[in-house]
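Open the model in your viewer and keep the selection panel at hand. This tour moves from stop to stop and says what to pick next.

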Amino acid sequence: MAAPIIEIESISKSFGAFQVLDQLSMQVMPGEKLALIGPSGSGKTTILRILMTLERIDGGHIRIEGEELYHMSKNGGLAPADEKHLTKMRQKIGMVFQLFNLFPHMSVLDNVTLAPILTKGVSRADARKRAMELLDMVGMSAKADAMPSQLSGGQKQRVAIARALALSPKIMLFDEVTSALDPELVEEVLNVMRKLAAETDMTMLLVTHEMGFAHDFADRVLFFDRGRIVEEGKPDDIFRHPKQERTQTFLRKIIAAGHRV
Amino acid sequence: MEWDWNFVWQIFPTLLQGVKITIIATLLGSVLAVFVGLAIALLRRSPNRLVSTTTGFIAEFIRGTPLLVQLYFIFYVLPDIGILLPPLVAGVIGLGLHYGTYTAEVYRAGIDNVPRGQWEAAKACNLTARQTWTRIILPQAIPPMMPALANYFIAMFKETPLLSAITVLELMNQAKSVANTYYRYIEPITLVGVFFLTISLISVVVLRWLEQRYGRIER
């Protein structure tokens, strides 16, 4: 059996008095598509943010491909990671945000080429070529010269996906990527993600409220509540036959709110 | 006392010399203030508490004391420790430092207005701190603050007569010396007012244009 690509070992995280993650442990296998669901404040987005090094952990260990994320070996022991170590580790991970976070002062093409040119030393020509392929894949090559302000939400999010892919991460984190979109724009983004899941062997972690999509997309679903994993399993088991009462309550509320499962 | 046009034409070239120095002092002072302000704004954000508090204290000190006192200090006190500066240089440094503490606040507001998501996207793109500042944050922060910066430069322009106190031959000083020579004040001092008003009005037009051009960034 292959080694896990992500190992999370009893990590904790508090914001002030609010404990978001409580001694959480989980593993993700290479190529696995994982959906993280649960009520807001349950800690699912925080996990993605911690993996992207946007938040620090208070305690515990995270290993990516066997290598410590927040620690590095120093004089035979483990020391807190410095910026150089984090930069190296971040190369393995990409993230797509709820609010897209495109760089508004750059064209679509520049958004996608900036990081490969700056961080990987890719030539401008090569970066453009690769960016156009990626924009083509997300159906946005016709808008390569447009500015982000000229795009719809769905288009912005597809560009953001291309931007994250341009760095060829092994792990992609999707943080509620359709939550800020008008309902009619959700599907175009989900289609891109379906395509990604089908055509690449990237490991993907998805935080979402789109239960129908999570069901189709994920190999495994984790239900979070109050900083802990309450229940996990195959999509069919979680969505059709949830065992835990909290999972059942959550899914009932979600269905009542008009989301399909 | 009556207005004498012949006298006006006679002193006009001298005053124009003063205008030139006034404009040079303002422009150089503005350039210095742009960099001093940026430096203060960045240092105040330093994760090193000693650096950020020291910078904050110095900035508050400069902002809290009169420009005239600072000009005297730079021009008349620094020579005591061996730093002897030509009047115009001392004046430009005084203007740049003083207004730099104000532009620092403009930078601070401009930087704070860049959404947190931009920092996070930069990190997700694995940019270094330097790349994040130069490619992502400042290019978004600076255009919206152009009008506020320009406002300070117009204010600075109107304070350049203070430089006459440290013997800079700017417009006010030229007017004073002309007036003292001929014992006529009405024409030179009126002309000083007219010059300042004219240039200020032109600056306001430029400022309006800047507001139109850079006032907002589309997201």
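Start with the lining of the second largest cavity. By class, that lining has five nonpolar, two polar and one charged residues. Here Ala, Val, Leu, Ile, Met, Phe, Trp, Tyr, Cys and Pro count as nonpolar, Asp, Glu, Lys and Arg as charged, and the others, Gly among them, as polar. Select Glu176(A), Val177(A), Thr178(A), Leu190(A), Leu206(A), Val207(A), Thr208(A) and Phe213(A) to see the residues that line this cavity. Its volume is about 30 Å³.

A word on what you are viewing. The model is predicted: local features need pLDDT of at least 70, side-chain atom pairs count only at pLDDT 80 or more, and totals for chains, interfaces and linings use all residues. Residues are numbered from 1 along each chain as its sequence is written, chains are lettered from A and ligands numbered from 1 in the order in which they are written, and side-chain values use heavy atoms, with hydrogens and water left out.

**The cavities and the pocket**

Rolling a probe the size of a water molecule over the atoms shows where empty space is left. The search runs on a 1 Å grid over the protein atoms alone: a cavity is a set of points where a 1.4 Å probe fits but cannot get out, and a pocket is an open set with protein on both sides within 12 Å along at least five of seven lines. Lining residues have an atom within 4 Å of a point. Grid points are joined across faces, edges and corners, and a volume is the space filled by probe spheres set on the points.

How many cavities of 30 Å³ or more does the structure hold? There are two. Go to the largest cavity, with about 70 Å³ of space. Select Gly94(A), Met95(A), Phe97(A), Arg163(A), Ala164(A), Leu167(A), Ala121(B), Ala124(B) and Cys125(B), which line it. Strand S8 (93–96) and helix H5 (153–165) of chain A, together with H5 of chain B, each give two or more residues to this lining. Helices (H or I, at least four residues) and strands (E, at least two) are DSSP runs, numbered from the N terminus. The lining divides into seven nonpolar, one polar and one charged residue.

Next, the largest pocket. It holds about 610 Å³ of space. Of its 20 lining residues, Trp119(B), Lys123(B), Ala129(B), Thr132(B) and Trp133(B) are the closest to the centre. Helix H2 (83–90) of chain A, and helices H5 (116–124) and H6 (129–159) of chain B, each supply at least two lining residues. H5(B) gives the most, with five residues. The pocket lining has eight nonpolar, four polar and eight charged residues.

**Where the chains meet**

Colour the two chains apart. The contact (heavy atoms within 4.5 Å) takes 24 residues from chain A and 19 residues from chain B.

Which side chains meet in a salt bridge at 2.6 Å, N to O? Select Arg49(A) and Glu120(B). A salt bridge is a side-chain nitrogen of Lys or Arg within 4 Å of a carboxyl oxygen of Asp or Glu. The rule finds one salt bridge across the interface of chain A and chain B.

Over all chains the count comes to 26. Another to select is Arg63(A) with Glu7(A), at 3.7 Å, N to O. Arg63(A) lies in strand S4 (residues 59–64) of chain A and Glu7(A) in strand S1 (residues 6–15) of chain A, so the pair ties together parts that are 56 residues apart in sequence.

**Chain by chain**

Select residues 6–251 of chain A, which UniProt lists as "domain: ABC transporter" (unreviewed entry). This span is 38% helix and 28% strand.

UniProt places "domain: ABC transmembrane type-1" (unreviewed entry) at residues 19–207 of chain B. UniProt positions are given in the numbering used here, feature names are shortened, and annotations may be inferred rather than shown by experiment.

Finish with residues 189–210 of chain B, part of the UniProt annotation "transmembrane region" (unreviewed entry). That span is 100% helix, and its end C-alpha atoms lie 31 Å apart.
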